[in-house]
Amino acid sequence: MKDENFLKANNARSLWHPMTSPADSLKTAPTIVTGAQGVRITDIDGHEVVDGVGGLWNVNLGYSCQPVKAAIAAQLDRLPYYSIFRGTSNDCVIELAEEMRSFFEPDGLTRAFFTSGGSDSVETALRLARQYHKIRGEGGRVKFLSLKKGYHGTHVGGASVNGNANFRTAYEPLLPGCHHIPAPYTYRNPFNETDPARLAQLCLAALEDEIAFQGAPTIAAFIMEPILGAGGVIPPHPGFMPGVEAICRKHGILLIADEVITAFGRTGAWTGSRLWGVKPDFACTAKAITNGYFPFGAVMIAESVAQVFEGDATGKATIGHGYTYSGHPVGAAAALACLTETKRLNVVENAAARGTQLFDGVKTLMARHDIIGDVRGGHGLMTAIELVADRATKAAPDKAIPARVQEVAYRSGAMVRVSGPNIILSPPLVLTAADVDVILSALDTGFAAL
Ligand SMILES: Cc1ncc(COP(=O)(O)O)c(C=O)c1O
């Protein structure tokens, strides 16, 4: 390994970072992370902090999950790769599909299609949704509906259903036939409605209106995150997703739950769909499926959708889709070990308890710091703090403000994530009450430094 000075001087010389400009990377030195243990990361200068970001919402079991590391190492020795395209399979992926089926059975999802990550999972679900309708003789159903503020990765299909201009504008024109309705975001919405239940009804009415405008027979699927994550942690009213499900069923539109963040316990329920009592047609997963230790994902498919593909007599059900790394044996081994650990540790319990502690703690910070305009969360370990220049006008703060809070919080013991005006907290699900206190105290110091 090159020495520290070389690494610090050359970070952006030959490397382009995702989600920032190359010029900014050249100007602003990143935190160079060189090690991690438990729920803590260590940087190149030896500074250790609690990881309030959990990698990128994915390191649910922390950085020292030995069974997952051991499973990866053993699988690399035994069979480091083989494809599962037509005609071949591997032992690990077969076992994993059975385990995933039993994990997702309460959601009505009984088949798995494996991918290399969240964007791949979204793309897979969108494509299979169109194919489902073609098999059934409704080939005109090609459009997709989704929520503004939603995040569905950055492939062209996913970016097209994304509800945030940051991931769209530079790459337009995107996929035609993708339309967005307002998110159930009480702090800011076009209806000026602050009551979550009434706002949910207004958004559902907007969905009905859009379906009537587009024509139900032209719409393949509606995709949503059970709790919007990257858009700033927006938990909808409990009636919202069931309302979406009912509208989709009425109009023959498939429901895709983008559970890339919410599956495997983050919300304090095993899946986001289960949290709201919804049975989607597809669930996109990735991230915590391997605890972030290996790039991997899965689309889980409802029994009713599976029956259509498996019972096809027309020849239209050949899946002309897949990735070299679909069903990668090392990823499958990691996912198997992860599922075992996730269930053994019953992470939902700690996610719910620590999530409440974190959410309550952040609300206490709001009472003390006027820069905080809104606090969102309350369902497991997904919490956002929206900063404002002025609470009355809700004007966005200067860009330097969230960055300053982040910097001071980091020096004070916690890594937190900045996304626009939001500070987002998504720590590992195995953190302790004392770790949550470290995050809260570091944030308090960060706000006090403004
Ligand atoms: C809800 C959701 N969908 C899809 C994605 C894309 O996943 P990936 O970055 O693994 O491609 C993400 C990533 O954060 C996500 O949060």
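Helices are DSSP runs of H or I with at least four residues, numbered from the N terminus. In the predicted model described here, Trp-57 lies in helix α3, which spans residues 54-57. The backbone of Trp-57 has a positive phi of about 65°, although the residue is not a glycine. Trp-57 has a relative accessible area of 3% and is therefore buried, the limit for that class being under 20%.

A positive phi also occurs at Asn-346, another residue other than glycine, with a value near 45°. Asn-346 is placed in the loop between α12 (329-344) and α13. The relative accessible area of Asn-346 is 28%, so this residue is classed as partly exposed. A further backbone feature is the peptide bond from Glu-172 to Pro-173, which is cis, with omega near 5°. Pro-173 belongs to the loop between α7 (156-161) and β6. These features are listed because most residues other than glycine have a negative phi, and most peptide bonds are trans.

Helix packing was examined next. Two packed helices are described by the angle between their axes and the distance between the axes. Helix α15 (residues 433-448) packs with helix α14 (residues 400-411) at an angle of about 135°, and the two axes are 7 Å apart. The crossing of α14 past α15 is right-handed. On the α14 side, the contact is made by Val-405, Val-408 and Ala-409, and on the α15 side by Ala-442, Leu-443, Thr-445, Gly-446 and Phe-447. Sorted by class, the residues in this contact of α14 with α15 are six nonpolar and two polar, with no charged residues.

Helix α15 also packs with helix α13 (residues 347-368), here at an angle of about 20° and with the axes 10 Å apart. Since angles under 35 degrees count as roughly parallel, α13 and α15 are therefore roughly parallel to each other. α13 passes α15 in a crossing that is right-handed. From α13, the residues involved are Arg-354, Gln-357, Leu-358, Gly-361, Val-362, Leu-365 and Arg-368, and they meet Ala-433, Val-436, Asp-437, Ile-439, Leu-440, Leu-443, Asp-444 and Phe-447 of α15. The class count for the contact of α13 with α15 is nine nonpolar, two polar and four charged residues. Leu-443 and Phe-447 of α15 take part in the contact with α14 and also in the contact with α13.

Helix α5 (residues 91-104) and α12 form a further pair, whose axes come within 9 Å and cross at roughly 35°. The crossing of α5 past α12 is left-handed. The residues of α5 in this contact are Cys-92, Val-93, Glu-95, Leu-96, Glu-99, Met-100 and Phe-103, and those of α12 are Pro-329, Ala-332, Ala-333, Ala-335, Leu-336, Leu-339 and Lys-343. The contact of α5 with α12 comprises eleven nonpolar and three charged residues, with no polar ones.

Individual residues were then considered. Thr-285 is part of strand β9 (residues 282-285). The relative accessibility of Thr-285 is 0%, and the residue therefore counts as buried. With residues up to four places away in sequence not counted, Thr-285 touches Met-100, Phe-104, Gly-117, Ser-121, Glu-259, Val-260, Ala-263, Phe-264, Gly-297 and Ala-298. Met-100, among these neighbours of Thr-285, also belongs to the α5 side of the contact with α12.

Two glutamates with side-chain polar contacts complete the set. Glu-193 is located in the loop between β6 (178-181) and α8 (196-214). At 13% relative accessibility, Glu-193 is classed as buried. A polar contact of 3.2 Å joins the side chain of Glu-193 to the side chain of Arg-198. Apart from neighbours within four places in sequence, the contacts of Glu-193 are Thr-186, Arg-198, Leu-199 and Leu-202. Glu-310 is situated in helix α11 (residues 303-310). The relative accessible area of Glu-310 is 53%, and this residue is therefore exposed. The side chain of Glu-310 forms a polar contact with the side chain of Arg-111, at 2.5 Å.

Note on methods:
Residues numbered from 1 in each chain as written. Predicted model: local features only at pLDDT ≥ 70, side-chain atom pairs only at ≥ 80, totals over all residues. Heavy atoms only, no water. Axes fitted to C-alpha atoms, helices over the stretch in contact; angles between N-to-C directions. Left-handed = near helix turned anticlockwise from the far one by under 90°. Contact = heavy atoms within 4.5 Å. Nonpolar A, V, L, I, M, F, W, Y, C, P; charged D, E, K, R; others polar. Buried < 20%, exposed > 50% of the residue type's maximum accessible area, 1.4 Å probe, protein only. Polar contact = N/O pair within 3.5 Å; in protein donor to acceptor, adjacent residues only side chain to side chain. Parallel < 35°, antiparallel > 145°, perpendicular 65-115°, else oblique.
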